[in-house]
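Hi,

Here is the model we talked about, so please open it alongside this email.

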Amino acid sequence: MKVKTVCLGVPGKIESIDGDIGAARVGAVAVPVNFMLTPEARPGDFVLVHAGFALKVMDSDAVAEALEIFESVAATRVRMDELYIRLDELAKGMPAVALMEVCGTHTVAIARAGIKARLPKNVNLISGPGCPVCVTPVGEIDMAIELALSGRARLVSFGDMLRVPGSNMNLDAARGRGARIDIVYSPRQALALAERGGEEVVFLAVGFETTAPVIAAVVKAAAAMGLDNFSVLVSHRLIPPALDALLSAASLDGLICPGHVSTVIGWAAYDGVAREHKIPCVVAGFEPVDILESIAMLLEARKTGLAGVANQYSRSVSRWGSPLARQAIDEVFDVADGDWRGLGTIKDSALRLRPEFARFDAAARFRLRARRAPEPEGCRCGEILSGRSAPPDCRLFGAACLPERPVGPCMVSSEGACSAAYLYSEAAG
Amino acid sequence: MRQDAFITLAHGSGGRLAAEFIQRRLAPFFPGLGEMDDAAVLRPTGRDIAFTTDSFVVDPLFFPGGDIGRLAVFGTVNDLAVQGAKPSWLSLAVVAPEGLPLDLFDAVVASVAAAAAEAGVSVVTGDTKVVERSGLNGLLLNTAGIGEMIPGVDLSAARIASDDAIIVSGPVGAHEIAVLGQRHGLGFDNIQSDCAQIAGLAGELAGECGAAVKWMRDPTRGGLATVLNELAVAAKATIDISEGLIPLDPAVRDASEILGLDPLYLACEGRFVAVIARSHSEEALKRLRLRPDGAGAALIGAVTDVGSRHPQVRLLTGFGSRRILRYLASDQQPRIC
């Protein structure tokens with residue numbers, strides 16, 4: 001059985017390809033897909049689709065096998081029950097362990113499947129910084145709002161950015177004051193708007209390594225088309241440097257690493273973190289069965305004292321990830337230091353456009369500068385994003401801070417730890 | 001392109017052009033407008049009447065399975081139907097921006113007329129306004145509707161008791177997914193909006209089961225989850241539903257996953273939720289399912305703990321866990337992750 005609303009990377013079976021463009025079937029629906037990053041893909045293959053782009057050709061046999069379990073309620077529950085028993089055995093007599101699920105999509109899947117309530121008492125799951133909307137600093141959100149309000153450009157964004165509070169308002173409120181802001185499913189739609197001409201179009205490029213290659217592909221396409229009215233406001237962040245920074249400050253016993261970021265960067269990308277901090281890491285898929293298997297793998301590693309990276313999500317993740325997606329990032333972006341909400345400035349944790357693509361940099365084009373801005377008063381999103389606090393530790397949680405009136409970003413994004421904890425709270429009785 | 005292919009401010013001016021516009025483009029579709037006096041005169045049969053109004057905007061104006069015209073008729077008709085009324089009369093107000101192509105306007109008007117005929121209601125009064133282009137994107141339609149209460153129907157949250165059954169009239173969420181798919185160029189070819197009139201189905205249920213039907217509502221914005229929360233509050237009760245029993249088209253489920261949305265919060269435009277006394281729930285379900293427009297009806301849960309000080313909706317998930325299903329915080333939008 002599948003957790004709905006799991007994550008915006010979904011396996012699609014390719015139905016047709018013509019050049020870069022084609023269609024893939026995701027369960028019962030067909031969607032248009034761009035295959036620029038996976039030229040080796042062929043009809044019948046499974047690909048991981050994110051924001052309208054195929055990121056990687058998956059292991060089709062493994063996907064088919066996994067889908068057989070996930071599409072059956074009975075098979076899923078049998079497998080989950082086996083895994084809960086296995087976890088109880090593994091955890092028996094073990095000192096308390098703190099495992100971090102780095103990715104917000106994992107946080108939601110864990111909450112929706114009610115996993116925490118059934119874990120052994122000494123196994124504690126902590127939410128991490130893997131929610132792009134949440135870690136974007138206030139100053140960068142203010143910059144987008146300033147641009148949108150100035151009327152100099154039409155801003156195009158993924159839906160989850162609209163309600164993130166800036167210093168004075170959010171993008172939704174800016175829209176109410178006349179700013180032109182469009183919400184899209186894929187950045188390709190922003191390119192299509194720019195192609196019509198007549199106005200400046202700026203895409204708000206947030207996201208981790210999963211989204212960065214899609215933005216890179218779009219920027220390359222804009223360059224090839226010679227578009228001079230399209231640019232991107234880049235707020236990308238990179239996961240491994242953030243994990244390194246986080247582990248330098250916090251003590252954790254294992255990491256559940258993000259499945260779709262890893263689909264792009266490969267599981268070897270965590271080798272350094274695992275070695276440096278002597279911590280076991282498991283790259284996990286997003287179905288509840290995947291997550292339970294990953295927890296079991298981490299407890300086994302704990303038992304044997306082995307630190308290193310293991311890959312539970314082999315149907316999508318390989319050692320080196322998706323070569324062309326990585327290449328697209330490298331071609332278009334350089335790494336730079338980046339500010340993270342809750343984690344401060346982290347060396348080499350952000351992306352900026354390379355000089356040859358500098359004309360697509362909206363910040364330079366519209367002379368925008370991110371200013372440091374204070375966090376909302378009383379908000380503990382920073383501590384929550386770095387695993388130092390849990391949502392209920394915050395006095396605002398569920399009181400002054402609610403999904404309909406969010407104070408901090410972790411309550412805005414549906415992948416945010418606070419939103420997940422609030423929306424999917426266990427019912428008594 | 002011909003100069004007269006677009007709406008101009010003059011069409012709404014009250015002058016000769018406006019009069020011609022109404023005579024040519026509206027009157028032929030709506031015989032109920034009659035002599036075009038300043039107000040319609042209605043002749044109810046003497047029963048209590050239900051009266052409601054709603055305004056409609058949608059982007060895009062035409063989507064798989066419907067358009068703004070059908071929405072505007074069915075939205076109001078359905079609100080009357082879930083109140084236990086048989087819809088009879090509608091008003092129609094159209095607010096259009098200057099520059100709107102006239103053939104688009106005509107297509108919407110034709111659709112309103114067809115939907116009204118389908119729902120068995122008569123458009124008896126109307127208005128058009130043209131506003132400056134900057135003031136409005138697309139079209140705004142407003143309908144008000146009047147219907148007569150069906151004899152023997154007694155809908156009131158106060159009558160809801162523990163163990164009453166909760167029925168939904170068909171698969172949920174298709175409308176919003178069809179609109180979003182169209183808006184974002186995803187073209188889900190096998191998803192049509194559920195946009196339809198439910199007066200026939202709800203009327204039959206109310207008529208046949210009488211007082212055993214205690215409460216009805218249509219899950220439009222905010223979807224099934226929001227209506228169930230409204231029910232919990234209205235009945236001061238706990239609502240227990242099972243995820244596995246909720247009718248959901250696999251294509252809608254998978255399209256929701258692609259867009260990052262929860263189908264339980266997606267708007268429907270041709271469904272209703274009904275609370276029915278347990279003694280009549282099987283009979284009610286059977287009757288609904290006999291009709292083509294009720295073939296997908298399902299019993300999804302029950303009311304418990306009436307009189308509770310903490311009204312809530314509990315969802316028994318497919319994983320066997322039980323969680324609280326809350327109100328929708330804000331409109332769902334396609335997400336990055």
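Before anything else, a word on naming: helices (H or I, at least four residues) and strands (E, at least two) are DSSP runs, numbered from the N terminus. With that in hand, you can find B:I324 in strand β13 of chain B. Is B:I324 buried, exposed or something in between? B:I324 counts as partly exposed because 17 other C-beta atoms lie within 10 Å. The cut-offs, with C-beta atoms placed from the backbone, are: buried for 20 or more other C-beta atoms within 10 Å of the residue's own, exposed for 12 or fewer, and partly exposed in between. B:I324 also sits 7.0 Å from B:Q312, C-alpha to C-alpha, although 12 residues separate them in sequence.

Some housekeeping: residues are numbered from 1 along each chain as its sequence is written, while chains are lettered from A and ligands numbered from 1 in the order in which they are written. This is a predicted model, in which local features need pLDDT of at least 70 and side-chain atom pairs count only at pLDDT 80 or more, while totals for chains, interfaces and linings use all residues.

pLDDT is the predictor's confidence in each residue, from 0 to 100. Chain A has a mean pLDDT of 93, with 97% of its residues at 70 or more. Residues 1-7 of chain A are below 50, and this stretch has 31 contacts in the model beyond near neighbours in sequence. (Two residues are in contact if their C-beta atoms, placed from the backbone, lie within 7 Å.) Where pLDDT is low, the predicted coordinates should not be read in detail. Chain B averages 93 too, and 99% of its residues score at least 70. For the complex, the predictor gives an ipTM of 0.86 and a pTM of 0.90.

**Where the chains meet**

Chain B puts 38 residues in contact with 47 residues of chain A. On the chain B side, α7 (250-259) and β13 (322-324) each supply at least two residues. Which element gives the most to that side? It is α7(B), with nine residues. Sorted by class, the side of chain B that touches chain A has 16 nonpolar, 12 polar and 10 charged residues. Here Ala, Val, Leu, Ile, Met, Phe, Trp, Tyr, Cys and Pro count as nonpolar, Asp, Glu, Lys and Arg as charged, and the others, Gly among them, as polar.

**Domains in chain B**

Domain bounds come from an automatic or database domain assignment. For chain B that assignment gives domain 1 (3-149) and domain 2 (157-324). Their C-alpha centres lie 28 Å apart, and each domain brings 21 residues to the contact. On the domain 1 side, α2, β4 and α3 of chain B give two or more residues each.

Two packed helices are described by the angle between their axes and the distance between the axes. Axes are lines fitted to C-alpha atoms, for helices over the stretch in contact, and angles run from 0 to 180 degrees between N-to-C directions.

Start with α2(B) and α3(B), whose axes come within 7 Å and cross at roughly 35°. The residues of this contact include B:I68, B:V73 and B:V77 of α2(B), and B:V108, B:V112 and B:A115 of α3(B). By class, the contact has 10 nonpolar, two polar and one charged.

Now compare α5 (199-209) and α8 (278-290), both of chain B: they pack at an angle of about 145°, with axes 10 Å apart. Among the contact residues are B:L201, B:L205 and B:C209 of α5(B), with B:A284 and B:L288 of α8(B). This contact divides into five nonpolar, one polar and four charged residues.

Which residues of α5(B) are buried? They are B:A199, B:L201, B:A202, B:G203, B:L205, B:A206 and B:C209. These buried residues pack against α2 (68-81), β4 (85-97), α3 (102-119), β8 (213-217), β10 (273-276) and α8 of chain B.
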